[in-house]
There are 2 protein chains.
Amino acid sequence: MAMVDATEVDHLAAERAAAQFDVEEMKVAWAGSRHAVEIADRMARLVASDPVFRKDTRTMLSRKDLFKDTLRKAAHAWKRIVELRLTEEEANLLRLYVDQPGYVDLHWGMFVPAIKGQGTEEQQQKWLPLAYKFQIIGCYAQTELGHGSNVQGLETTAMFDPKTDEFVIHSPTLTSSKWWPGGLGKASTHAVVYARLITEGKDYGIHGFIVQLRSLEDHSPLPGVTLGDIGGKFGSGAYNSMDNGVLRFDHVRIPRDQMLMRLSQVTREGKYVHSNVPKQLLYGTMVFVRQSIVADASKALSRAVCIAVRYSAIRKQFGAQVGGPETQVLNYKTQQSRLFPLLASAYAFRFVGDWLKWLYTDVTQKLEAKDFSTLQEVHACTAGLKAVTTSATSDAIEECRKLCGGHGYLNSSGLPELFTVYVPACTYEGDNVVLLLQVAKILMKTVSQLTSGKPPVGTMAYMGNAQHLMQCRCAVSTGFFERSPDVVEAAVAHIQLLLLLMCTYGVRFIEKLQQDIPGHGVKEQLQNLCNVYALYLLHKHLGDFLVTGCITPKQGALASEQLGKLYAQVRPNAVALVDAFNYTDHYLGSALGRYDGNVYPALYEEAWKDPLNETVVPEGYHEYLRPLLKQQLKLSRL
Amino acid sequence: MAMVDATEVDHLAAERAAAQFDVEEMKVAWAGSRHAVEIADRMARLVASDPVFRKDTRTMLSRKDLFKDTLRKAAHAWKRIVELRLTEEEANLLRLYVDQPGYVDLHWGMFVPAIKGQGTEEQQQKWLPLAYKFQIIGCYAQTELGHGSNVQGLETTAMFDPKTDEFVIHSPTLTSSKWWPGGLGKASTHAVVYARLITEGKDYGIHGFIVQLRSLEDHSPLPGVTLGDIGGKFGSGAYNSMDNGVLRFDHVRIPRDQMLMRLSQVTREGKYVHSNVPKQLLYGTMVFVRQSIVADASKALSRAVCIAVRYSAIRKQFGAQVGGPETQVLNYKTQQSRLFPLLASAYAFRFVGDWLKWLYTDVTQKLEAKDFSTLQEVHACTAGLKAVTTSATSDAIEECRKLCGGHGYLNSSGLPELFTVYVPACTYEGDNVVLLLQVAKILMKTVSQLTSGKPPVGTMAYMGNAQHLMQCRCAVSTGFFERSPDVVEAAVAHIQLLLLLMCTYGVRFIEKLQQDIPGHGVKEQLQNLCNVYALYLLHKHLGDFLVTGCITPKQGALASEQLGKLYAQVRPNAVALVDAFNYTDHYLGSALGRYDGNVYPALYEEAWKDPLNETVVPEGYHEYLRPLLKQQLKLSRL
Ligand SMILES: Cc1cc2nc3c(=O)[nH]c(=O)nc-3n(C[C@H](O)[C@H](O)[C@H](O)COP(=O)(O)OP(=O)(O)OC[C@H]3O[C@@H](n4cnc5c(N)ncnc54)[C@H](O)[C@@H]3O)c2cc1C
Ligand SMILES: Cc1cc2nc3c(=O)[nH]c(=O)nc-3n(C[C@H](O)[C@H](O)[C@H](O)COP(=O)(O)OP(=O)(O)OC[C@H]3O[C@@H](n4cnc5c(N)ncnc54)[C@H](O)[C@@H]3O)c2cc1C
Ligand SMILES: [Ca+2]
C-alpha cells in the first residue's frame, strides 16, 4: 500500500519533505476531483488487500497457469463487483487495478459497444442483458491472418441463404482465418464477426454479425467452428494472460437477425437495404475508444515514470570524490534530461485525456443533432492523438527501464511487463503509421481548401491564420504517396501542437479549480511541467523549427539552456510529483518503485522466488554439467 | 535452411530475380572472404540439422526447463566441437548459431580473458589449461547489488591474513552481494571476483581474485558461499536461459596466489607492491570486448532487418482500388523510410566492426611497444561506438517488430526474443550514457588543448582543422556537469561521423577487393546504402546541422528529397540485400522471415504448438467460467 508502516523507515522521506507543493491537492488535480481520489483509493486498496489478486509471481507462471489465473481473477472480480454492488465507475477502477489483460476487457470494451453502436433497438434488447449478466461472453473478431489495417480486404464471407433465412459464415482461405481477437481463443461463447455480406450474388462489403462459437452447456466449439489460441506473445506475463485467438468457419449457419442491422439490413427475401440511420453515428464509438486509449497512455507512462523517479532518488553511483558520499543518480543532468520530459508527458497526456472526454460528449451531442461538420477534424484529432501518445508512451517506458540500469532488466522491476503489455497499443485500434497517414491526408485537404473560402474548424483553425500555407504546394503537387514520410512528420507536428495547447489548457483548468481548492504550489508545478514539455518538444524537433524559419538558431540555443534551468526546478519536486499519481505498491508491482524506497531487500527477496532456486544444484547437473567437468562427455548420450 | 526444396514454391522468387547485383559476391563482401562464407555456411547447417539445437518451442519452456535445455545444448556443442576437432574460429561460429545465452559465453568471453590479461605467467599456466578443458567453469563477478557503473565503489572485501597467507573474501552488507554475473547462479565452479584489497590495515581499492565457489565433486556451494539465481528477466526465452546470479561471502578464505597479480602483488609479509607491468596493457582486452560488441550489433540488427524486409515483401495491405490487387507493404514510402535506414545501418556497423578489429591489432602492437599515445583516442572511439551501435540496434529491432504489424508481436515472429535478448547490451559492458559521458570528457579535453600545440590524433584529427572550435568555450566555461546532456549529444555526433567515415571506408575496401573478385553491382549497392546512411543521419539530426550553420535550410530540404530517391533505388534490391547475410531459417527463428516467404502456413502451424491448445476447453472452465456463465458465482469459492 502507499502508506509506510509506523515501524518502517521511509527512505524517501527527505525527498518528500523537500517538495514545494501540496501533494494531497495535486492528487486531486491528477484524479480530477476529490471524489475521484476517494474511489480510486478505495478500489486500489480493495484489490491490493485481496490475495486472489496477487501478481508478484505472474511472470513465472506457465502459459496454462497464467491463463487459469486470469480466469480466476476475472471471476473473483465479478463476484466482488456483484457482492459489493459496485457502481460502473467503481467496477472499471477495480478492473484497472487488477491489472491483468483478459477476455473481460474485450467483452466490455468491444463486444458490448459494437452491439450498442451497430445493433437495432430490438437486437440491443435481446443481447445486452445477456452480456451484462455474463450469460454470454463476447469478443470482437475483425482481424484475419491476412488482413488487419485494410478492413475492406477481409475475406470471411456471410452468404445469405433465402431458403432457410440464414447467413452462412465461411472461411474460404487460410488467410481468412480470424486471427488476434482477444478472448476468442478459449473464453468467449460469442463474437461479433466481421465478414463480407453476400446476397443475391452481390458482395456488399464488410458487415458485423453476432455468432455463437461455443456451446453454453459444455463450452465445446459448435459444429463447423475451429478455435484455438494463436500462441505466446512478447514478454513474460504481460499480454500472455489473454487468449488472442484463431477462428475458422466451415459453413456455419446463423439466423438472419444476427446481422447487426442498425445501418443496413437484409430482408427476408434477401434484399440489401440501407436504414435511415446515417453511418456517421458510428464515429461516436470510435472517439470513445480512442479517448480511453489516450487515458491509458497517461496511466502506463505515469507508472513507469513513478518507478524510475523513485529508484533514481534511491540509487547512488559515483561521487564528487572517490570514497566520499555518492550522488543520487537523479541529480545527474543526463538522468534529468531523459526522465523529466517523460514526467511532464505523463501530466500532459493526462490533461489531453480529459479534453478528449469533453470532445466525446461534444461530438455525441452534435451527432444526435445530425451536425457532421466537425467529424473530419475530430477524426484527425483522435486518430493523431492515439498514434502520438501510444508511440511516445512505449518509447518512454523502455527509456524508464534503461534509466534503472541493470536492475530495470529484471522482471522484479516491473518494467519489462509494463513495456510488453503496453506496446501493442501502437498496433491495435489502428497501426500508428496508418493512422498518421490519415491525419496527414486531412491536413493536406484542409490546406488545399484554404483558398476556397472554407475556413478550417476547431483544432485546425490556426491554419486559417497561417498565410504562408496558402502558397504551400510541394506535397500536393509532387504527390501524397511519394512524400508520405514527410507528411507523416507534419501530422506528428500538428498533433504535438494540439498536445501543447491541451496541456496549457490543463494548467488553466487547474487555475480555475483553485478558486475553490486551496492547493499550495500545485499550479506552479503544473506550469513548470508544461514549460518542460514545450521546450522538450522544441529541442527534439529543432530541425523542423529551424528549417521552416520559425525560430532562429540563437533562440534554439536559448531554449535548450532554459530547459536545463527548468529541470533544476523539477528536481526537488520529482518524488512528490510521482507520489501524486497515488499508486499502490500492488499496482506498481515493482521492487524498484516501492513507496518506501526500500529497494535492495525487496530485489533480494524477489530473486529467491524463482523456480530455478528450488534446488541449489540445478536439474541437469548430472546429465550435462558433471560429464563435462569430469571429461566424460564422449561417453554420454545427450 | 536457406535453400528452397525443389517441390516447394519460393514466394520471394520475383523479388530475387529483380535484384541488380550478384548476391553470391555480396555474401563474400558481408562475411569478409570466401573462406568466411564457407565456414559460416558449414557451421550454420551443422547446427540447423541437429535436433538438439532446436529452438522453436524455447519461449514456451519454464525457467527450469529452459535452463536445463541450455546446459544440454552447451554440453552437446562442446561434444561436437571436440569430436569434429573444430578450429577456434569454427567453434565460435557454432556457438553463435546455437544462439542461446549460457555460462559458456562468460567462461570464454570474460573469465578466460580476465586471467589472460590480469594473471601472471605462472597463474596462466595453472588456470588456463583447466579452463580450456572445462575442468572448471568460470564467470566474471564484478557488479554488486549496490554498485554497477561505479566499480570503484564495490564493497566486497579481500582482507589479507598474514598468519595463514590467505585472503579472506567477505560481503559486509546486503548491497555488497555480487549480483548479475552470468553463469554464476547455477553453473560456475569458479569466478574472478572483484573486491577491495585490504592489507596492513590499508584499502588498496579494487582487485581481481580467482575464487572457487562450488565443490568439483557434487557442485554444492563451498562453506561460507551463498549462491542463487537473481530471477526472471525481460522477455520469454531470451536471456532467461542464462543463470545471472547472486553471491554472498561469509569470510571465505583463498590462498594468496589466487589474487590476479600481473599488475600488483601482495607479498608473503602482506606488503602491497606494483609490478613493472604498466596498467595500460589492460586496455587491450577492453578494446577486444568492445569490438566484438559492435560485431554483435551488426548481427542482431541484420537478423531483424532480414525478417522485416522479407515479411514486408510478402505482406500486402490495401491497393490502388478497393477490391483490386493489394500493394506489398514494402512499396509504401513510409515503410521504406523506416526500414531502409536500418538496412543501411546493418551494413555500416558490419564494416565498422572490421575496422575495430584492425584497431585492436594496431593497439596491441602499440601497447607491446609501450606506445600509449593513442590510448585515449582509442578509448573514446571504442566506448562511443559501443554506446551508439547498441542503442541504435535495440531501437531498430523494436522498429522492425512494429514494421511487421500485429504479427510482429507474436513470439513466432522471432522478433520479441531478438529484442529482449539483445537490449541489455545497452547496459552491460558500460551503461551507454555513462560511456558517452566519458567520450564527451575526452572530446572537451581535446578541444581545450587545441591551442596548446598538442594536435589531436587518429579519429580526432579532424578537430585540428576546425578553426572555429578554438573559439568554443561554452561547455568548458559553464561546467561539464551542468551541460552534460548537450555534451552527450556532441559525443553521439562525433561517433556518428566516425561511423560514416568507416562506412565509406567499407565501400572503398570492397572496391579494392573487386580487383580480384568480380562482383556485378556489389560496389554500387554498398555505395547506395552508404549514401542512405549518411542522408538518414543528416535528416535525423537536421537541427544540429542547422543550428551550427553547417548546412542551410535549403540544403536540408534537398537532402531529404534525395533520400527518397535513394530509397527507390534500394527497393528492387532489398530482399537480395538481406539474402546476402546468408542466415538459415534456424538462425532467424522466425515464421515471418522464412527464406521461402511461405509465411501464413508457418504462423498457423506455430500457433497450435502452444500448451494452451492442448485442450479445446481450457483448464479452469469448470471452476471459473461455467459458474460465471451459469450465474452461480456466489455459491462458489474461488
Ligand atoms: C495485442 C493485440 C490485440 C489485438 N486484439 C484484436 C481484437 O480483439 N480484435 C481484432 O479484430 N483484432 C485485434 N488485433 C489486431 C489488430 O487490430 C491489428 O494487428 C492492427 O489492425 C494492425 O494490422 P496488421 O497487424 O494487419 O498490420 P499491417 O497492416 O499488416 O501492417 C504491417 C506494416 O505495414 C504498414 N502499412 C499497412 N498499410 C499501410 C499503408 N496503407 N500505408 C503505409 N504503410 C502501411 C504498417 O504501418 C506496418 O508497418 C490485435 C492485435 C494485437 C497485437
Ligand atoms: C543481462 C546482464 C548481464 C550482466 N552480466 C554481468 C556479468 O557477467 N558480470 C558482472 O559483473 N556484471 C554483469 N552485469 C551488470 C552490468 O555490468 C551493470 O548492470 C552495468 O555496469 C550498469 O550498472 P548498473 O546496473 O549499476 O547501472 P547504474 O550505474 O545504477 O545506472 C542507473 C542509471 O544511472 C545513470 N548513471 C550512473 N552513473 C552516472 C553518472 N556518473 N553520470 C550520469 N548518469 C549516471 C545511468 O546512466 C543509468 O541511467 C550484467 C547486467 C545485465 C543487465
Ligand atoms: Ca525531424
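1. A polar contact is here a pair of N or O atoms within 3.5 Å. By that cut-off, a backbone N or O atom of G182(B) makes such a contact with ligand 2, lying 3.1 Å from an oxygen atom of the ligand. The model is a predicted one, and the distances in this note should be read accordingly.

2. Further backbone contacts hold for ligand 2. G148(B) places a backbone N or O atom 3.1 Å from an oxygen atom of ligand 2. A polar backbone atom of Y140(B) is 2.9 Å from a nitrogen atom of ligand 2. Taken alone, ligand 2 exposes 970 Å², and the protein buries 93% of that area.

3. The shell has 31 residues, and T143(A), S149(A), D431(A), R315(B) and G406(B) are the closest. Helix α12 (432-448) of chain A supplies at least two of the shell residues, as does each of β12 (316-319), α9 (333-368) and α10 (375-403) of chain B. The classes in the shell around ligand 1 are 15 nonpolar, 12 polar and four charged residues.

4. Which residues of chain B make polar contacts with oxygen atoms of ligand 1? In the side chain of R315(B), an N or O atom is 2.6 Å from an oxygen atom of ligand 1. R338(B) has a polar side-chain atom 3.2 Å from an oxygen atom of the ligand. From L403(B) the contact is made by a polar backbone atom, at 3.3 Å from a ligand oxygen. Of the 970 Å² of accessible area that ligand 1 has on its own, the protein covers 93%.

5. Over all chains, the structure holds 53 aromatic pairs. One of them joins F167(A) and F209(A) in an edge-to-face arrangement, with 5.0 Å between centres and 65° between the planes. F167(A) lies in strand β3 (residues 166-170) of chain A and F209(A) in strand β6 (residues 202-212) of chain A, so the pair ties together parts that are 42 residues apart in sequence. Both F167(A) and F209(A) are buried.

6. In chain B, Y204(B) and Y272(B) form a stacked pair, 4.1 Å centre to centre and with 20° between the planes. Y204(B) belongs to strand β6 (residues 202-212) and Y272(B) to strand β11 (residues 272-274) of chain B, so this pair ties together parts 68 residues apart in sequence. Y204(B) is partly exposed, at a relative accessible area of 26%, whereas Y272(B) is buried, at 17%.

7. One aromatic cluster is formed by W180(A), F234(A), Y239(A), Y409(A) and F419(A) together with W180(B), F234(B), Y239(B), Y409(B) and F419(B). Arginine side chains also meet aromatic rings. The charged end of R16(A) sits over the ring of Y595(A), 3.6 Å from its centre. In chain B, R303(B) lies over the face of Y587(B), at 3.9 Å from the ring centre.

8. Is helix α2 (residues 23-31) of chain A mostly covered or mostly exposed? The helix is mostly covered, with seven of its nine residues buried. These are V23(A), E25(A), M26(A), K27(A), V28(A), A29(A) and W30(A). At the start of α2(A), a side-chain oxygen of D22(A) reaches to within 3.0 Å of the backbone nitrogen of E24(A). Just after α2(A), G32(A) takes a positive phi of about 110°.

9. P455(B) is placed in the loop between α12 and α13 (462-465) of chain B. With a relative accessibility of 60%, P455(B) counts as exposed, because the cut-off for exposed is over 50%. P455(B) and N465(B) are 10 residues apart along the chain, and their C-alpha atoms are separated by 9.7 Å.

Note on methods. Residues are numbered from 1 along each chain as its sequence is written. Chains are lettered from A and ligands numbered from 1 in the order in which they are written. This is a predicted model: local features need pLDDT of at least 70, side-chain atom pairs count only at pLDDT 80 or more; totals for chains, interfaces and linings use all residues. Side-chain values use heavy atoms; hydrogens and water are left out. Rings of Phe, Tyr and Trp (its six-membered ring) pair if their centres lie within 6.5 Å; planes under 30 degrees apart count as stacked, over 60 as edge-to-face and the rest as tilted. Helices (H or I, at least four residues) and strands (E, at least two) are DSSP runs, numbered from the N terminus. Buried means under 20% relative accessible area, exposed over 50%, partly exposed in between (1.4 Å probe, protein chains only). A charge sits over a ring if NZ of Lys or CZ of Arg is within 6 Å of the ring centre and within 35 degrees of the ring normal. A residue is near a molecule or strand if one of its heavy atoms lies within 4 Å of it. A polar contact is a pair of N or O atoms within 3.5 Å; within protein, one must be able to donate a hydrogen and the other to accept it, and residues adjacent in sequence count only if both atoms are side-chain atoms. Accessible areas come from the Shrake-Rupley method with a 1.4 Å probe; for residues, only the protein chains shown count as cover. Ala, Val, Leu, Ile, Met, Phe, Trp, Tyr, Cys and Pro count as nonpolar, Asp, Glu, Lys and Arg as charged, and the others, Gly among them, as polar.
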